[in-house]
Amino acid sequence: MGVSKSDSIIIVGGGAFGLSTALHLSQKGYTNISVFEKDNNIPPRFSAANDLNKIVRAEYEDDFYTDLTIKAIEAWKTPLFAPHFHQTGFLHCVSGDAPQKAVDTLKRFQASAESHPKIQPHVYPIQNADGVRDACWQLDGPILGWHGYLNRFDGYAHSANALAAVYRATQAAGVRFFLGEQGAVDEIVYDSTLEGRKAAGIRTKNGRFHPSSLVIVAAGAAVGRLVPELGRNVVAKSWSVAHVHLTDEETSALRGIPVTYARDLGFFFEPDPKTNLLKLCPMGGGYINTDPKTGVSHAPESLSESAFVPVEDERQMRKLLAHTLPSLADRPLVNKSLCWFADTNDSDFIVDYIPNLSSSVIVFSGDSGHGFKMFPIVGSFITDLLEAPGTQQPIARWRWKKANGQAGDWAGDVSWRLGQSKELSEILPPKASKL
Ligand code: FSA
């Protein structure tokens, strides 16, 4: 049982989970790896990680993910990843208007950071606006009622550049890449033999069949189309992203600021020195795109449908700037988009074989908006699964779950989010579909 080092392994998806899997498989000596990606470029435009940056926050309400992130941060400091990791700190607060839920969540994160021996020495409690200014003098707004903590152990990663680096490294290691028309996977092809049903390989949209011993589906928010068995266990969900375009001087003045987050408003990052873009995200319950026929949410096929942010999110991002960097609060917001993730109701990843297919298909999904920080190590979850005794994922929380009937709106129940999910159709501006 199990794949041998020379068996053909197909990875569907050239985003964060797919590329990291290719890297870890090749490092473990697997020699016959192919990545299929529907975009004609890596980083793919469909990948949530094709982005300027993502928060790398170690402290969780749950030590399991805290410990994993500490491992990931160690790996972020190694030569392949270090150029893309910026340990600027994480200023984690609530504003004076925050609802109790946000305050309670902040307290749990702070308690986690302050109780972990590796993180605690880097944590500085912040009582008020003066404390925020002490932590980051550039924040010259009123910072009304802000309190929380600064964690210097955390920071952010330049996610698009990190993907590009791993793409180059895996190509150099002999991983084959099928991109664009060659790489758009239409279906997993199954064979029924005397021993049972089993994947024989994949078929691309241009009609070509590629045989393989193992198919790993790392297709992010698009997983549901290839693996309908998941039902509503993975919900394609999106959050707004926008940027302010700064001058060279403004970028330089903001160099080194921590990732700044008021849990009730949203967050922003140090501006990128190459593009002078400062990325902003509002807090919210996210947006889903439920197919009325199946009840399952998928990311829209066309990128233009996601090339906007709802007005209320724009208002909230401006409020965040008015609190912190008021000179930017009325600037144009550029490169607006909805960033699609694969969400699960417990925010746990799914790293497991699809049952009853003789261990021939693995689903690797459910990033739930906190997967990218694990990029340097996330592919090792697959090599660990391949090497685990038997065919069951030893980590219970990452196992395949029976498809349940739960709708996609559990945002209100997830402790680290505020607000309910809305349907994309409710927020779509009339012109977006014509872009
Ligand atoms: O692990 C992290 O701190 C990243 S959270 C970023 C975020 O935008 C969430 O704020 C949001 O609620 C959703 O989960 C998507 O990811």
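1. Pro43 sits in the loop between S2 and S3. Helices (H or I, at least four residues) and strands (E, at least two) are DSSP runs, numbered from the N terminus. The peptide bond leading from Ile42 into Pro43 is cis, with omega near 5°.

2. This is a predicted model, in which local features need pLDDT of at least 70 and side-chain atom pairs count only at pLDDT 80 or more, while totals for chains, interfaces and linings use all residues. Residues are numbered from 1 along each chain as its sequence is written, and side-chain values use heavy atoms, with hydrogens and water left out.

3. The protein chain contains 11 helices and 22 strands. For 435 residues, a compact globule would have a radius of gyration near 22 Å, and the value for the protein chain, 21 Å, agrees with this. That radius is taken over C-alpha atoms, and the globule rule is 2.2 Å times the number of residues to the power 0.38. Along the principal axes, the C-alpha atoms fill a box of roughly 70 × 50 × 40 Å.

4. Of the 435 residues in the protein chain, 58% are buried. Buried means under 20% relative accessible area, exposed over 50%, and partly exposed in between (1.4 Å probe, protein chains only). The accessible surface of the protein chain comes to about 17,600 Å², and 52% of that belongs to carbon and sulfur atoms. Accessible areas come from the Shrake-Rupley method with a 1.4 Å probe; for residues, only the protein chains shown count as cover.

5. Taking contacts in the protein chain between residues at least 6 apart in sequence, 75% join residues at least 24 apart. A contact means heavy atoms within 4.5 Å. On charge, the protein chain has 43 positive and 47 negative side chains, and the centres of the two sets lie 2 Å apart. Lys and Arg count as positive and Asp and Glu as negative, with His and the chain ends not counted; the place of a charge is NZ of Lys, CZ of Arg, CG of Asp or CD of Glu.

6. An open sheet is formed by 3 strands in the order S3-S8-S4, with antiparallel pairing. Strands S3 (54-56) and S4 (85-86) are at the edges with a single partner strand each, so one side of each has no neighbour in the sheet. Two strands pair if DSSP finds at least two bridges between them. S4 and strand S8 (residues 155-157) are joined by 2 bridges and run antiparallel. His86 has Tyr156 in S8 as its bridge partner.

7. Helix H10 (residues 380-387) is mostly covered, with 6 of its 8 residues buried. The buried residues are Ser380, Phe381, Ile382, Thr383, Leu385 and Leu386. They pack against H1, helix H2 (63-76), strand S13 (214-217), strand S20 (350-353), strand S21 (361-365) and helix H9 (375-378).

8. His24 lies in helix H1 (residues 16-27) and is buried, with a relative accessible area of 13%. Leaving aside residues up to four places away in sequence, His24 touches Pro376, Ile377, Gly379, Ser380 and Thr383.

9. Thr31 is found in the loop between H1 and strand S2 (33-37). Is this residue, Thr31, buried or exposed? At 56% relative accessibility, Thr31 counts as exposed. Thr31 and Ser6 are 25 residues apart along the chain, and their C-alpha atoms are separated by 5.4 Å. Beyond residues up to four places away in sequence, Thr31 touches Lys5 and Ser6.

10. Tyr190 belongs to strand S10 (residues 185-193) and is partly exposed, with a relative accessible area of 22%. Its contacts, not counting residues up to four places away in sequence, include Arg197, Glu229, Ile354 and Val361. Tyr190 and Ile202 are 12 residues apart in sequence and 8.5 Å apart in space, C-alpha to C-alpha.

11. Glu314 is in helix H8 (residues 311-324) and counts as buried at 17% relative accessibility. With residues up to four places away in sequence not counted, Glu314 touches Val309, Leu333 and Lys336.

12. Ser347, in the loop between strand S19 (334-343) and S20, has phi near 60°, a positive value in a residue other than glycine. Ser347 counts as buried at 10% relative accessibility. Ser368, in the loop between S21 and H9, has a positive phi near 55° and is buried, with a relative accessible area of 1%.
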